[in-house]
Amino acid sequence: MPDESQAATPKLPTEFDRRAFFTRVGLRSLGIAAAGTIVFTYEFLSPNVLFEPSPIVNLGKPDSFAVNSVTMDVNTAIYLVRAEEGFFALSEVCTHLGCLTAWNQDLGIIVCPCHGSKFTRTGEKIEGPAPKPLPWLKTWVSDDGDLLVDRSANIPPLQYLRI
């Protein structure tokens with residue numbers, strides 16, 4: 001026969017049964033899921049702005065470029081060419097698949113090392129899979145006397161900047 005003192009012992013408030021345990025686990029899981037949903041909703045609704053550098057590049061004083069020279073600026077992906085007729089800038093990006101081209105001083109041509117397109121110093125296509133010539137970029141002299149190039153503005157070929 002069971003002892004009467006054991007049967008009358010009430011449960012302590014710090015103990016909980018299996019049902020209470022799963023209820024708490026379930027509610028906490030729902031709370032975590034709700035917090036995640038709120039965070040992802042906030043990220044979705046907040047604007048994603050991509051800050052890019054200015055397309056206008058300052059290349060310095062015109063006197064620092066020799067006549068009949070091709071200067072490649074790796075950071076901005078442009079060529080600055082000083083011909084006898086004047087200055088002009090070309091995009092360094094190949095018109096085939098967007099590879100960066102390289103100036104070959106020995107041959108006097110611009111070469112795409114990836115797919116073999118070749119261009120003259122004025123950007124005209126010599127051979128290769130490139131569908132069109134390298135674009136000429138807008139070039140001008142600032143009020144301070146520096147050469148500026150706008151990488152976002154293409155101009156028709158053979159428009160030299162005479163200084």
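Alanine 77 sits in the loop between E2 and strand E3 (78-82). In this predicted model, the phi angle of alanine 77 comes out near 60 degrees, which is a positive value in a residue other than glycine. Alanine 77 counts as buried because its relative accessibility is 17%, and the cut-off for buried is under 20%. Leucine 158 makes a handy partner for discussion. Its phi is near 65 degrees, again a positive value in a residue other than glycine. Leucine 158 belongs to the segment after E10. With a relative accessible area of 54%, leucine 158 is exposed, since exposed means over 50%.

Now for the sheet itself. Six strands, in the order E1-E10-E9-E4-E3-E2, make up an open sheet, and their pairing is antiparallel. At the edges lie strand E1 (56-60) and strand E2 (69-73), each of which pairs on one side only. On average, and ignoring direction, neighbouring strands of this sheet are turned by 30 degrees against each other. As a bit of background, strands of a sheet pair through backbone hydrogen bonds, and they can do so in a parallel or an antiparallel way.

Zooming in on one pair, strand E9 (residues 136-141) runs antiparallel to strand E10 (residues 147-155), and the two are joined over 6 bridges. Tryptophan 140 stands opposite leucine 148 of E10. Threonine 139 also has its place in strand E9. What does threonine 139 touch, leaving aside residues up to four places away in sequence? The list is Phe88, Ala89, Leu147, Leu148, Val149 and Leu161. The side chain of threonine 139 also reaches the backbone oxygen of leucine 137, at 3.1 Å.

Stepping back to the whole protein, the chain is divided into domain 1 (15-51) and domain 2 (56-155). Taken over C-alpha atoms, the centres of domain 1 and domain 2 are separated by 54 Å. There is a database annotation to look at as well: an unreviewed UniProt entry lists residues 75-148 as "domain: Rieske". Over residues 75-148, the chain is 39% strand and 0% helix.

Terms used
Residues numbered from 1 in each chain as written. Predicted model: local features only at pLDDT ≥ 70, side-chain atom pairs only at ≥ 80, totals over all residues. Heavy atoms only, no water. Pairing = 2+ DSSP bridges. Helix = DSSP H or I, 4+ residues; strand = E, 2+ residues; numbered from the N terminus. Axes fitted to C-alpha atoms, helices over the stretch in contact; angles between N-to-C directions. Polar contact = N/O pair within 3.5 Å; in protein donor to acceptor, adjacent residues only side chain to side chain. Contact = heavy atoms within 4.5 Å. Domains from an automatic or database assignment. UniProt positions renumbered as here; feature names shortened; annotations may be inferred. Buried < 20%, exposed > 50% of the residue type's maximum accessible area, 1.4 Å probe, protein only.
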